[in-house]
Amino acid sequence: MTGTPLGTVDPDGPDDGLHDLDPAGLDPDGSDPADTDPAPEWTEDDDWTGEALALLRTLRAPHRRTRAGQIGFTVYCVLLVLVVWGVTPSLGLFLQSSMGADYTGSGPAVLAALPSGIAAVALAAVLLAARDGLWRGPVLPPRATADWLLPQPVRPGRVLRPWFWLSCGLAVAPGVVAAAAGMVTLGLTVRTGLLAALGWCLLGGICVPLLATCAGLAVELNDRVAVLVRRLTPYLTLVVLLLAAQSALAVQGHRIPWLERVELWSGPWGWAGLAALAPTPAAQPGAWAGAVLLLILTGVCAVLADRACGNVQPARLRERARTAAGVLAALRTVELRAARLAVTGSAPGAAPRRLRLPAPRAPWQVVPWRDALALLRSPARLGRAVLLAVPATLLAFLVHSATGVASWAGTALALVFGYLAVAQLLEPARIETDDPRRASWSPYPFGELMLRHAIVPMVLGVLIGSACAVAALLCGAGAQAWLAAAVVPAMVGAALVNACRGVIRQDLMLGSSQAPGSGIGPFLFAAWYAAGPAVAVAVLTLPFTRAFTSGTPTATVSAALWSVLVGAALLWWARERATRMTPRGRAV
């Protein structure tokens, strides 16, 4: 080698290019040389990859020992949780089964849910990994590595490959846990051999996460793939929801065998289901072929991804490392909205749509006009509202035949999905409350301005709820289906209360007024953070459960009136919260 080792100084004073920079450290054209990523002009003789990594191993030895202790403690806590909440109850169930308890009555329902259910979970895992690749990706070294080490004459592949395989390992861990859960479920309900069930379930539990990680790397590497993922996300999300709905309906006895066979052979998400069904009485022909296809595809993708790890652009790695650090800092301070905005800002979508609406003719129309225009220019929010309304309607439909705690839980979950659907439409209000100074254009007091932001979400929510009600009526539901539209006022009020939270109240979690070791801080913070939806769901669960289960006109009208009353109360609360966000309101 003829180069100069890392950590030494060339006495001849090599030309490092610093003389070509201005005093601010910028190129003559004003750009940052660290972000231009010029092609490295170095040969094999200048390759100091081995020496650089050896030096880093030496320098990082103390930190690595500390980090190993932290990782070991984390692994210990995870294993402890799995043993307490997973292994011990499972052993108890198997012990009861050996003493005569019979769990095979649930076997037909489990086998009916597996084909479309596994396809939904596997496709959702691939979609989430691909979306993660838009802003983070599986190859994400620390900022020090991205900023300092990669610009040096080192081979990027040797530096980045460990981070890719670390991501693969982290993705496979939940898959292994899911495979173990599948083994226990099949062993108890279908009386399948445990080793056979575990082996077949591990095929999907390992291969699907690896394929999902490879998909994330493809998005991270190729901008065209990233654009394709953005375009396909709404459609794939709809497919996942439809598969989940089909799985729920199959449990109720509404199966479509030919459609399930198509899903099982549609891709790796279905091949995992073929493998899980192989040791059961519901095994499909060709399970071995599906398992072989899944293994071959996973192996090929893993080999190609391993070779492509070093091709990620250094500038992209630096940008993503900074974004990940910002998101982590926001999550540590429970600034969930700040974390989401950081993710959204780092993964820009398509060019903004230049849609226009006729100018408002009356002053009161200005705020609704702006809100409607904002939603038209970001149709993804309207699409998410429609998609989230689907599981809410499906759960409400299934509650009709449920009893006891199951009916209450189903109604509460349906209300939560309804809130999430309506909350997508209040982004303009949340933008105003992120910084109340943005509302300086408005002649209205801040509290009244927030109430005007509820007009468009109320109208659109009622339209979406009415469409869901019509679909439920066509499927045989009763008059209680119209509660999908009647619940909108309460959910809009709940979303507006949450939009007017103001500054994060971390003092609720760490305040000195709490008794040491009481552990109530997180509960107080959660109650403040989700106050709006918590009140709406808690109050409406009982009347809506009665309406769904009884189907009488009296119960339906009573539930609708409760929604209107709760919505009015929450809107008043949101107005008071918004008033206190401004300096004048705080002075009062």
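Colleague: How are H8 and H9 set relative to each other?

Modeller: H8 and H9 are oblique to each other. Helix H8 (residues 223-251) and helix H9 (residues 257-264) pack at an angle of about 135 degrees, and their axes lie 12 Å apart. Axes are lines fitted to C-alpha atoms, for helices over the stretch in contact, and angles run from 0 to 180 degrees between N-to-C directions. Under 35 degrees counts as roughly parallel, over 145 as roughly antiparallel, 65 to 115 as roughly perpendicular, and the rest as oblique.

Colleague: Which residues make the contact of H8 and H9?

Modeller: From H8 it is Leu243, Gln246 and Ala250; from H9 it is Leu259, Glu260 and Glu263. Contact means heavy atoms within 4.5 Å. By class, that is three nonpolar, one polar and two charged residues. Here Ala, Val, Leu, Ile, Met, Phe, Trp, Tyr, Cys and Pro count as nonpolar, Asp, Glu, Lys and Arg as charged, and the others, Gly among them, as polar.

Colleague: Before I go on, what kind of model is this?

Modeller: It is a predicted model: local features need pLDDT of at least 70, side-chain atom pairs count only at pLDDT 80 or more, and totals for chains, interfaces and linings use all residues. Residues are numbered from 1 along each chain as its sequence is written, and side-chain values use heavy atoms, with hydrogens and water left out.

Colleague: Back to H9. Which of its residues are buried?

Modeller: Glu260, Glu263 and Leu264. Buried means under 20% relative accessible area, exposed over 50%, partly exposed in between (1.4 Å probe, protein chains only).

Colleague: Why are they on the same side of H9?

Modeller: They cover an arc of only 95 degrees around the axis, so they fall on the same side of H9. The arc is that of the directions from the helix axis to the C-beta atoms. The buried residues of H9 pack against helix H4 (107-132), H8 and helix H10 (268-277).

Colleague: How many helices and strands are in the chain?

Modeller: There are 26 helices and zero strands. Helices (H or I, at least four residues) and strands (E, at least two) are DSSP runs, numbered from the N terminus. The chain has 588 residues, and 39% of them count as buried.

Colleague: What about another pair, H19 and H21? At what angle do they pack?

Modeller: Helix H19 (residues 455-474) and helix H21 (residues 488-499) pack at about 140 degrees, with their axes 9 Å apart. H19 and H21 are therefore oblique to each other. Pro457, Met458, Gly461 and Val462 of H19 meet Val488, Pro489 and Val492 of H21. Those residues divide into six nonpolar, one polar and no charged.

Colleague: New topic. Where is Ser97, and is it buried or exposed?

Modeller: Ser97 sits in helix H3 (residues 61-98). Ser97 is buried, at 17% relative accessible area. Leaving aside neighbours within four places in sequence, Ser97 is in contact with Tyr103, Leu188 and Arg191.

Colleague: And where is Arg191?

Modeller: Arg191 is in the loop between helix H6 (156-189) and helix H7 (194-221). Arg191 is partly exposed, at 48% relative accessibility. Arg191 has a positive phi of about 60 degrees although it is not a glycine.

Colleague: Last one: what does Arg546 touch?

Modeller: Gly551 and Ala555, not counting residues up to four places away in sequence. Arg546 is in helix H24 (residues 531-550) and is exposed, with a relative accessible area of 53%.
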